[in-house]
Amino acid sequence: MNTYLALVFRRDPLQIIAFQSYGTDQHFYMRGRALEDETINLEQKGLFALFINSWKRFESDEIKFADLQIKLPSGQKLNTSTDDHGYFKIDEPLGRLRAMANAEGWLKVEISYNGQRTRDIQNSNRFPGEMLIPSADVDFGVISDIDDTIIHTGVASTLKWKLLINSIFRSASNRIPLEGAAEFYHKLHRGISGANANPIFYVSHSPWNLYRYLEFFLKQNDFPKGPILLRSFKDIFKKKTGDQPQKHIEILNILKAYPELKFILIGDSGERDADIYIDIANTYPYQVAAIYLRVIKHRKKMQRVRSLFERFDTVPVLLVESSAQAIEHARSHGFINKYV
């Protein structure tokens with residue numbers, strides 16, 4: 001009986017999920033979350049099993065106020081701790097980070113629990129993390145939305161019912177990307193030379209609870225690897241008049257991190273991407289190279305978006321009907337190689 005009770009009330013193993021982030025040669029920046037490992041199968045099938053997986057994502061058991069240590073390839077160690085929702089963020093000036101990154105600009109680190117929490121570790125206390133440090137030789141960067149830009153979610157549907165069904169009752173392995181999107185992003189990643197490593201940043205209004213789901217989807221469908229920037233679930237339902245959307249803030253942070261780099265902004269016409277991108281292009285015209293917005297099947301929303309761009313001539317804009325159209329536009333503007 002005691003053995004049975006021990007199994008029932010046994011705590012799940014601890015884990016640390018480091019969100020793919022970005023930095024510079026002189027700036028280390030990483031975010032992540034400490035959680036109990038709920039063993040979510042991202043390839044799970046069956047409605048009930050998918051519902052259970054979705055419940056696990058949003059009813060996560062976070063590890064609050066835990067001391068963590070990040071070890072760099074050089075052996076240098078950084079210390080941080082989690083907040084009351086299990087999130088951690090480390091933002092420190094360091095030097096010569098690019099020398100530790102691979103050819104694509106990825107710096108690999110190792111994260112571990114420190115202090116009292118080490119007593120709760122059931123497996124190895126070593127968790128991987130990665131941070132992107134773009135090369136000084138890249139042509140430009142790409143900042144892309146996810147929902148209805150590279151994956152059909154139904155953000156524009158009435159009461160968002162399609163978004164709810166797709167997020168809860170469809171596994172990441174069964175989600176289908178928009179046709180040609182991965183090819184377009186790879187061409188932008190390789191750039192005008194055809195052999196570059198232009199950085200791709202994925203920014204979404206989705207909560208961090210969906211991070212591994214989206215990371216798996218991008219990898220499964222062969223999108224270029226890049227930082228994935230989401231937001232805290234506790235902020236999803238907060239609406240404060242005058243506040244900028246979290247996506248807007250994240251994009252501005254990227255531009256400020258790389259002030260000498262131009263960016264191509266990619267989104268859809270369903271939500272607020274048009275408004276956000278216009279504001280950013282007007283504020284930072286020398287850092288925005290072009291805007292691409294996927295056309296959606298919603299007449300009123302498309303009328304509104306087209307009206308927004310009627311007199312907008314700050315940067316090139318394309319309302320994208322297909323990935324092939326976007327590729328041709330990118331070729332004509334010198335963003336991608338003409339022969340690939």
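# Close-up views of the predicted model

**View 1. Helices α7 and α8 are roughly parallel to each other.** Angles under 35 degrees count as roughly parallel, over 145 as roughly antiparallel, 65 to 115 as roughly perpendicular and the rest as oblique. The axes of α7 (residues 273-283) and α8 (residues 299-308) cross at roughly 10° and come within 10 Å. From α7, the residues making the contact are A274, D275 and I278, and they meet R304, V305 and L308 of α8; contact here means heavy atoms within 4.5 Å. By class, the residues of this contact comprise 4 nonpolar, no polar and 2 charged. Ala, Val, Leu, Ile, Met, Phe, Trp, Tyr, Cys and Pro are the nonpolar set, Asp, Glu, Lys and Arg the charged one, and the others, Gly among them, are polar. Axes are lines fitted to C-alpha atoms, for helices over the stretch in contact, and angles run from 0 to 180 degrees between N-to-C directions.

This is a predicted model, so local features need pLDDT of at least 70 and side-chain atom pairs count only at pLDDT 80 or more, while totals for chains, interfaces and linings use all residues. Residues are numbered from 1 along each chain as its sequence is written, and side-chain values use heavy atoms, with hydrogens and water left out.

View 2. Helices (H or I, at least four residues) and strands (E, at least two) are DSSP runs, numbered from the N terminus. Of the 340 residues, 51% are buried; buried means under 20% relative accessible area, exposed over 50%, and partly exposed in between, with a 1.4 Å probe and protein chains only. Among contacts with a separation of 6 or more, 73% link residues 24 or more positions apart.

**View 3. An open sheet of 3 strands runs in the order β1-β3-β6, with antiparallel pairing.** Its edges are β1 (14-19) and β6 (87-93); each has a single partner strand, so one side of each is left without a neighbour in the sheet. From one strand to the next, the twist averages 25°. Look between β1 and β3 (residues 27-36) for the 6 bridges that join them, including the one that pairs F19 with R31 of β3. Two strands count as paired if DSSP finds at least two bridges between them.

**View 4. Six parallel-paired strands form an open sheet in the order β11-β10-β9-β12-β13-β14.** Here β11 (228-231) and β14 (317-320) take the edges, each with a single partner strand, so one side of each has no neighbour in the sheet. The twist averages 20° from one strand to the next. Helix α5 (residues 211-220) packs on the sheet, touching β10 (200-207) and β11, and its direction makes about 150° with that of β11. Helix α9 (residues 323-332) lies across β13 and β14 and runs at about 160° to β14.

**View 5. Strands β12 and β13 pair in the parallel sense over 6 bridges.** The strands span residues 263-268 and residues 288-294, respectively.

**View 6. I111 is a residue of strand β7 (residues 106-114).** Is I111 buried or exposed? With 1% relative accessibility, I111 counts as buried. Its C-alpha atom is separated by 4.5 Å from that of I70, 41 residues apart along the chain. Leaving aside neighbours within four places in sequence, I111 is in contact with I16, A18, M30, Q69, I70, F88, N125, R126 and F127.
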